[in-house]
Amino acid sequence: MRLSRYFLPVLKETPSEAQIVSHRLMLRAGMIKQAAAGIYSWLPLGYKVLRNIEKIVHEEQQRAGHIPLLMPTLQPADLWRESGRYDDYGEEMLRVRDRQDRDLLYGPTNEEMITDIFRSHVGSYKELPLTLYHIQWKFRDEMRPRFGVMRGREFLMKDGYTFDLTKEDALHAYNRHLVSYLRTYERMGLQAIPMRADSGPIGGDDTHEFLVLAETGESEVFYDSEITELKFGDRTIDYDSVEQCQAVLEEFTSRYARTDETHDAAEFAKVPEARRRTARGIEVGQIFFFGTKYSESMGATVQDADGNKVPVQMGSHGIGVSRLMGAIIEASHDDKGIIWPEGVTPFHCGIVNLKQGDSAADAACEGLYAALTAKGLEPLYDDRKERAGGKFATMDLIGLPWRITVGPRGLAAGVVELTSRRTGESEEMTPEAAIDRVAQIYAGK
Ligand code: 5CA
């Protein structure tokens with residue numbers, strides 16, 4: 001993409017309405033525009049990152065054997081009357097009436113709708129296990145939408161639903177989700193710690209939230225510092241293996257890590273004092289096992305091997321896709337702007353032409369642009385007639401992890417400069433070497 005032809009409405013001033021750094025930077029970098037309280041348009045740069053986050057979520061879900069589908073945002077109230085949640089959900093639910101006087105609602109989550117799909121089409125244990133998920137907009141009429149996309153009213157969520165014959169199978173599905181979530185967050189450059197939590201309006205006894213530690217997080221968390229040393233890394237795992245998934249769950253959940261909802265001071269006191277931490281965290285996902293809560297009330301049964309009809313065992317598993325963008329920025333920025341992890345960056349590399357209109361500099365930039373594109377990468381070429389300082393400031397603000405700087409003086413010596421946004425370190429090399437280096441960095445990402 002050439003910046004002269006792109007739509008990147010960066011702001012010079014720091015917006016006064018934004019209280020936390022991710023919100024400020026998303027506004028300044030022209031990524032989002034508020035449409036109403038807690039409701040945002042995703043401008044091109046923000047939309048690109050959102051799509052990249054979604055792509056990682058899809059890939060990791062499907063790697064774990066989960067099947068994508070898409071359910072609507074508007075749901076009939078009658079389904080929610082069956083589960084009893086139409087009245088229970090309260091003011092957070094946005095209720096709508098259509099011209100036929102039928103009650104609808106903008107879905108805050110999809111347990112009822114997926115249970116309805118399941119009961120219409122599945123009748124036998126032979127069709128289990130089954131995990132269906134979608135990535136869809138949700139609406140929760142939050143009392144205090146704030147911090148930009150972090151606590152929105154309209155937000156994008158991945159929600160997945162598991163159906164199993166037995167409780168043991170359903171707990172394996174729960175464990176499998178925990179493992180796949182660890183991989184998902186790490187690919188985005190995040191450490192998200194599974195913590196014992198409270199199930200709230202979704203219900204059920206077993207639940208973990210995934211928290212990214214950040215001063216601006218809305219949850220208070222208590223944990224054993226040893227947990228921050230754990231990494232899933234690039235180990236391979238057989239998602240069908242009960243033992244392997246169980247072992248990962250035990251590894252990542254055996255140390256004390258809880259949100260304030262489940263915090264137990266006496267238990268926490270058993271952690272050696274030097275390792276006890278109280279901090280704040282951003283909840284980027286939550287997994288629930290709730291058994292037959294919805295299948296019993298909505299009549300979702302399957303026939304078991306003996307021919308008995310039994311309610312199906314269920315769980316639901318959510319990732320805050322749009323919130324993740326804020327969480328990534330909270331975890332990765334500096335005074336100058338965002339620093340995108342390579343896994344989600346909107347463009348792989350920036351190209352800054354220090355002297356637009358200089359025939360050698362222009363030709364070298366065009367050459368880099370074409371070569372990077374031919375390698376399947378997406379560069380952002382700042383081809384505007386701007387001062388170098390302004391171009392650097394824009395690149396730093398929007399946070400591309402790598403920048404190639406091209407100027408007449410370097411070119412006379414046959415070199416361009418490759419700069420890491422994270423370390424600020426620059427290295428001079430030939431344009432060909434810069435292309436190879438950038439391609440190598442992204443190989444396999
Ligand atoms: N049905 C279940 C899981 S599929 C569910 O709704 N879970 S949840 O309520 O925990 O939401 C899942 C994730 O969505 C949360 O962990 C959080 O990351 C994100 N989320 C929840 N509310 C908001 C909000 N108001 N703004 C942005 N993200 C949100």
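Modeller: Let's start with rings: those of Phe, Tyr and Trp (its six-membered ring) pair if their centres lie within 6.5 Å, and planes under 30 degrees apart count as stacked, over 60 as edge-to-face and the rest as tilted. By this rule the count comes to twelve aromatic pairs. Bear in mind that this is a predicted model, where local features need pLDDT of at least 70, side-chain atom pairs count only at pLDDT 80 or more, and totals for chains, interfaces and linings use all residues. Residues are numbered from 1 along each chain as its sequence is written, and side-chain values use heavy atoms, with hydrogens and water left out.

Colleague: Why is the pair of Tyr185 and Phe210 called tilted?

Modeller: The ring centres of Tyr185 and Phe210 are 5.6 Å apart and their planes stand at 45°, so the pair counts as tilted. Tyr185 is in helix α6 (residues 167-187) and Phe210 in strand β10 (residues 206-213), 25 residues apart. Helices (H or I, at least four residues) and strands (E, at least two) are DSSP runs, numbered from the N terminus. Ring pairs also link Tyr181, Tyr185 and Phe210 into a cluster.

Colleague: What makes Tyr256 and Phe268 a tilted pair?

Modeller: Their ring centres are 5.0 Å apart and the planes are at 40°, so this pair is tilted. Tyr256 lies in the loop between α7 (242-253) and β12 (257-259), while Phe268 is in helix α8 (residues 265-268), so the pair ties together parts that are twelve residues apart in sequence.

Colleague: Why is strand β16 described as largely enclosed?

Modeller: Eight of the eight residues of β16 (residues 313-320) are buried, so the rest of the structure largely encloses this strand. In a regular strand the side chains alternate between the two faces of the sheet. Here Gln313, Gly315, His317 and Ile319 are buried on one side, and Met314, Ser316, Gly318 and Gly320 on the other.

Colleague: What makes β8 and β13 partners of β16?

Modeller: Two strands pair if DSSP finds at least two bridges between them. Strand β8 (residues 154-164) has eight bridges to β16 and runs antiparallel to it, with Thr162 partnering Gly315. Strand β13 (residues 276-291) has six, also antiparallel, and Ile287 stands opposite His317.

Colleague: How many residues lie between β1 and β2 in their hairpin?

Modeller: Two residues, and Gly38 in the turn has a positive phi of about 70°. β1 (residues 32-36) and β2 (residues 39-42) pair antiparallel over four bridges, with Lys33 opposite Ser41.

How values were computed: Buried means under 20% relative accessible area, exposed over 50%, partly exposed in between (1.4 Å probe, protein chains only).
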